[in-house]
Amino acid sequence: PGIVVCTSIQVSDERGAILSEAPFLVEGARVEIKEQRGSWMRVTGANVNGWIPSLSVRPIAKEEDHASL
């Protein structure tokens, strides 16, 4: 799991093109990190499936995720 750490970010496809139908992810949104390629991470969750810059998301431990609920 991960948490978005920037104010807002729109999801891109694997080539870096913004996905117009994808919603914005806002700071604090929880996502599942599926893979990382260079400076990009593929994330899913909350109607999102695509790529965001890796600096926009912070991986969190499962224990940390449950502790904040």
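Ser 54 lies in the loop between β6 and β7, where strands (E, at least two residues) and helices (H or I, at least four residues) are DSSP runs numbered from the N terminus. This is a predicted model, in which local features need pLDDT of at least 70 and side-chain atom pairs count only at pLDDT 80 or more, while totals for chains, interfaces and linings use all residues. Residues are numbered from 1 along each chain as its sequence is written, and side-chain values use heavy atoms, with hydrogens and water left out.

Is Ser 54 buried or exposed? Ser 54 counts as buried because its relative accessibility is 16%; buried means under 20% relative accessible area, exposed over 50%, and partly exposed in between, with a 1.4 Å probe and protein chains only. Leaving aside residues up to four places away in sequence, Ser 54 touches Gln 36, Gly 38, Ser 39, Trp 40 and Met 41, a contact being heavy atoms within 4.5 Å.

Two strands pair if DSSP finds at least two bridges between them.

The pairings can now be followed through the sheet. Strand β1 (residues 2-4) is joined to β4 by two bridges, and the two run antiparallel. One point of reference here is Ile 3, whose bridge partner in β4 is Arg 30.

Strand β4 (residues 30-37) is in turn joined by five bridges to the antiparallel strand β5 (residues 40-45). Across this pairing, Glu 32 has Thr 44 as its bridge partner in β5, and Ile 33 stands opposite Val 43. β4 and β5 form a hairpin with two residues between them, and Gly 38 in the turn has a positive phi of about 60°. Gly 38 is also among the residues that Ser 54 touches.

Thr 44, the bridge partner of Glu 32, stands opposite Asn 49 in β6. β5 and β6 likewise form a hairpin with two residues between them, where Ala 46 in the turn has a positive phi of about 45°.
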